[in-house]
Amino acid sequence: MQLLEMKWTEVAKLSRDMPVVIPIAALEQHGPHMPVFTDSLLLGEVVRRVSEPLQGRVLFAPLLWLGNSHHHLDFPGTVSASPRVYLNMLIDLAESFLFNGFRRLVLLNGHGGNIVPAQQALFELRQRYRSRGDLLLLSATYWTAGDNPNEADSSLRQTQMGHACEWETSMMLRIQPQLVGDYAATEDVEWGRAFAPANRAWVTPDRSTLGHIGYPQKASADKGETLFRVFAAGVVALLERAIAWDGQEWDA
Ligand SMILES: [Zn+2]
């Protein structure tokens with residue numbers, strides 16, 4: 001069920017227990033070989049794949065392409081909402097649905113820089129509605145929603161998401177190969193000094209002069225299909241649980 005195709009009178013008739021999924025992505029540099037709309041295109045494909053099995057049981061809001069990408073602003077073509085603006089935008093987005101009675105919201109994310117703001121936005125919203133015991137406010141990032149794809153394809157060299165990396169380049173080769181540049185000529189960029197167990201504050205030039213992180217040379221459309229399949233299955237399973245939520249337990 002796609003919100004952008006519906007009349008308000010149709011929305012008014014929906015069950016308020018229907019989960020509302022708000023896809024959030026970005027428009028930002030993706031290395032020398034990938035388009036700036038990568039995160040939005042990939043998340044859009046995940047949403048397209050999951051909306052079929054969930055037909056009529058989940059309400060999908062249109063994808064928000066403006067993300068929290070200030071850490072990439074050194075690279076031209078990046079368009080970003082600053083962290084506090086983004087936080088407030090997510091709160092207003094989610095609250096619009098709460099205002100009209102929806103109780104189960106899922107921020108479905110496709111960009112690393114949105115992870116912390118998405119969690120924080122829902123955390124603040126929960127505090128604003130602290131007397132409500134009937135709210136399910138979730139955020140999830142599509143590549144960590146389900147199984148690890150390495151179990152499905154042992155030829156994947158990466159075991160985690162990078163940036164414009166083997167995983168993202170493979171998925172783009174699967175859906176829009178004409179937008180992918182010379183990925184075979186890219187160099188490997190390691191994840192860099194993580195400063196564990198601390199969380200390091202970083203901007204992209206701290207970690208990559210070319211913009212990507214990971215091993216895009218290893219990309220293939222076949223790997224992209226596997227990645228989409230695994231990620232979509234994880235998101236469907238998560239949303240099935242949001243549909244089936246009994247208002248109490250999550251792990252039951
Ligand atoms: Zn990306």
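Along the chain, the donors of the zinc ion follow the spacing H-x8-D-x128-E. The model described here is predicted. In this model, His30 (NE2), Asp39 (OD), Glu168 (OE) and Glu168 (OE) coordinate the zinc ion at 1.9 to 2.6 Å. The four donor atoms make angles of 54 to 134 degrees, and the site is irregular. Histidine 30 and glutamate 168 link distant parts of the chain, being 138 residues apart. Histidine 30 is placed in the loop between strand 1 (20-24) and helix 2 (38-51), whereas glutamate 168 belongs to helix 5 (residues 166-175).

**Helix packing**

Two packed helices are described by the angle between their axes and the distance between the axes. Three helix pairs are set out below.

| Helix pair | Angle between axes | Axis distance | Crossing |
|---|---|---|---|
| Helix 2 and helix 5 | roughly 65 degrees | within 10 Å | left-handed |
| Helix 2 and helix 7 | about 60 degrees | 9 Å | right-handed |
| Helix 3 and helix 4 | about 50 degrees | 9 Å | right-handed |

The axes of helix 2 and helix 5 cross at roughly 65 degrees, which makes helix 2 roughly perpendicular to helix 5. From helix 2, the contact draws on Thr38, Asp39, Leu41, Leu42, Glu45 and Arg49; from helix 5, on Glu168, Met171, Met172, Arg174 and Ile175. By class, five of these residues are nonpolar, one is polar and five are charged. Asp39 and Glu168, both part of this contact, also supply donor atoms to the zinc ion.

Helix 2 also packs against helix 7 (residues 221-244), at an angle of about 60 degrees. These two helices are therefore oblique to each other. Leu42, Glu45, Val46, Arg49 and Val50 of helix 2 meet Glu225, Phe228, Arg229, Ala232, Val235 and Val236 of helix 7. This contact has seven nonpolar, no polar and four charged residues.

Arginine 49, which lies in helix 2, takes part in the contact with helix 5 and in the contact with helix 7. Leaving aside residues up to four places away in sequence, arginine 49 touches Arg174, Glu225, Phe228, Arg229 and Ala232. The C-alpha atoms of arginine 49 and alanine 233 are separated by 9.0 Å, although the two residues are 184 residues apart along the chain.

Helix 3 (residues 83-99) and helix 4 (residues 115-128) form a further pair, packed at about 50 degrees. This angle makes helix 3 oblique to helix 4. On the side of helix 3, the contact comprises Tyr86, Leu87, Leu90, Ile91, Ala94, Glu95 and Leu98; on the side of helix 4, Pro117, Ala118, Gln120, Ala121, Leu122, Glu124, Leu125 and Arg128. The residues of this contact divide into 11 nonpolar, one polar and three charged.

**Backbone features**

Most residues other than glycine have a negative phi, and most peptide bonds are trans. Alanine 164 has a positive phi of about 50 degrees although it is not a glycine. Alanine 164 is located in the loop between strand 4 (136-141) and helix 5. The peptide bond from alanine 196 to proline 197 is cis, with omega near 5 degrees. Proline 197 occupies the loop between helix 5 and helix 6 (204-207).

Conventions
Residues are numbered from 1 along each chain as its sequence is written. This is a predicted model: local features need pLDDT of at least 70, side-chain atom pairs count only at pLDDT 80 or more; totals for chains, interfaces and linings use all residues. Side-chain values use heavy atoms; hydrogens and water are left out. Axes are lines fitted to C-alpha atoms, for helices over the stretch in contact, and angles run from 0 to 180 degrees between N-to-C directions. Helices (H or I, at least four residues) and strands (E, at least two) are DSSP runs, numbered from the N terminus. Angles under 35 degrees count as roughly parallel, over 145 as roughly antiparallel, 65 to 115 as roughly perpendicular and the rest as oblique. A crossing is left-handed if the near helix is turned anticlockwise from the far one by less than a right angle, and right-handed if clockwise. Contact means heavy atoms within 4.5 Å. Ala, Val, Leu, Ile, Met, Phe, Trp, Tyr, Cys and Pro count as nonpolar, Asp, Glu, Lys and Arg as charged, and the others, Gly among them, as polar. Donors are N, O and S atoms within 2.8 Å of the metal (3.2 Å for Na, K and Ca); water is not among the atoms, so sites may look incomplete. Four donors count as tetrahedral if all angles lie between 85 and 135 degrees; four count as square planar and six as octahedral if opposite donors are over 155 degrees apart and all others between 65 and 115; anything else is irregular.
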